[in-house]
Amino acid sequence: MMFQRVAALVVAGGRGERAGPHADGPKQFRRIGGVAVLLRTLRLFAAHPRISDLILVGHAADRERIFDLLAGTDLSERVDLVDGGPSRQASVANGLQAMERRAPDAVLIHDAVRPFVDAALIDRVIAAIEPSAGALPVVAVADTLKAGKDGLVVRTVDRAGLYAAQTPQGFPFSPILEAHLKAARSGGEAFTDDASIAEWAGLPVRLVEGDPSNVKLTTARDIALADRQISQSKEAQLPIDVRTGNGYDVHRLVEGDHVTLCGVRIRHDQSLSGHSDADVGFHALTDALLATCGAGDIGDHFPPSDPQWRGAASHIFLSHAKAVVEAKGGRIMNADVSLICEAPKIAPHREAMCAEIGRLLGLERDRVSVKATTNETIGFVGRREGIAAIATASVAFGEDR
């Protein structure tokens, strides 16, 4: 049967003793994935197209906390707050009576601390409600059940036909209201859920396929696991963040007997002049790596004015840049260096250079490239006054988030 008006009643008056004390208050106010459990639950029902009215039953002591939680959200005008009673049963009765003036055709009663209910489960429950029958989402009991006494097993319970009850539980509105009022007047048996009240009052309840992920958060461990689940789910949806950095360096050529390029010492009739060993290839690559995570440049980390770096081997700088990248969650994907010089010849040393870069950065050979070109005798490079290098590095961030 298609009901015209389906209301939702969310119960959030519990004190959550089993979850222990917390600065945020009872467990329905604790945060999972950065959002209060209660707010997550309310949003799920507010977003469902079949829900016409939304009533929240809370503890009187939590009114201010609830108003603060809803303030500034789209729920502040959508949710009606009702004070609960001394028990869950009394709280639901209060909510149903407050809802009576709205005269919904059916109502879904849901525990606030089940924040993983989804639209499909809500749909199934609504579809199963009839004018003379309620609907209860259940999950078949999978574990072997034991009856015990005085710390000993008495017998094994046959689990066939046994189910764990969930919420939301759905009912035709007038019959469940009357059942609750009748139970309150009887002053007898205490009921643990609304389906048991319906059964007691003679209102049939149909079983509906529940959802194993629709868990109830009871203990502090439950809340911690839920927070981890949401955080991991969020992170899994984030794309891997691949960034590319560029670096450029140049050093003057002076009289000497060798140059060091990309970590390889090469005999030459000139040397590169610089505060360190003046390895333009490693300097450019260091800047490229630092650029991928906004970590400045080589001069910020190794100031030329600092005497401790005089004559230092540039592999120190490159290894430092690698450590900076990795500390920020990055994984170096590839490195490419272009050396610009008239001499010495780079080709005979290319493999040694690639091997040294790969060793320092932890890269396989096919992820490292060293190239060389002349400047066609133009400019300071063409006049053999200096050697320049351009480097590019790609780094993937967020793979382990």
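Where does Glu376 lie, between which strand and which helix? I found Glu376 in the loop between strand S18 (368–373) and helix H12 (379–382), where helices (H or I, at least four residues) and strands (E, at least two) are DSSP runs numbered from the N terminus.

Before going on, I noted that this is a predicted model, in which local features need pLDDT of at least 70 and side-chain atom pairs count only at pLDDT 80 or more, while totals for chains, interfaces and linings use all residues. Residues are numbered from 1 along each chain as its sequence is written, and side-chain values use heavy atoms, with hydrogens and water left out.

I then looked up the backbone angle of Glu376 and read a phi near 55°, a positive value in a residue other than glycine. Glu376 counts as exposed because its relative accessibility is 58%; exposed means over 50% relative accessible area, buried under 20%, and partly exposed in between (1.4 Å probe, protein chains only).

Ala278 also has a positive phi, near 65°, and I located Ala278 in the loop between strand S16 (270–273) and helix H8 (280–291). Ala278 counts as buried, because its relative accessibility is 0%.

Next I turned to the peptide bonds. Thr167 and Pro168 are joined by a cis peptide bond with omega about 15°, and Pro168 sits in the loop between strand S10 (163–165) and strand S11 (169–172). A cis bond also joins Ala343 to Pro344, with omega about 5°, and I placed Pro344 in the loop between strand S17 (330–340) and helix H11 (350–361).

I kept these entries because most residues other than glycine have a negative phi, and most peptide bonds are trans.
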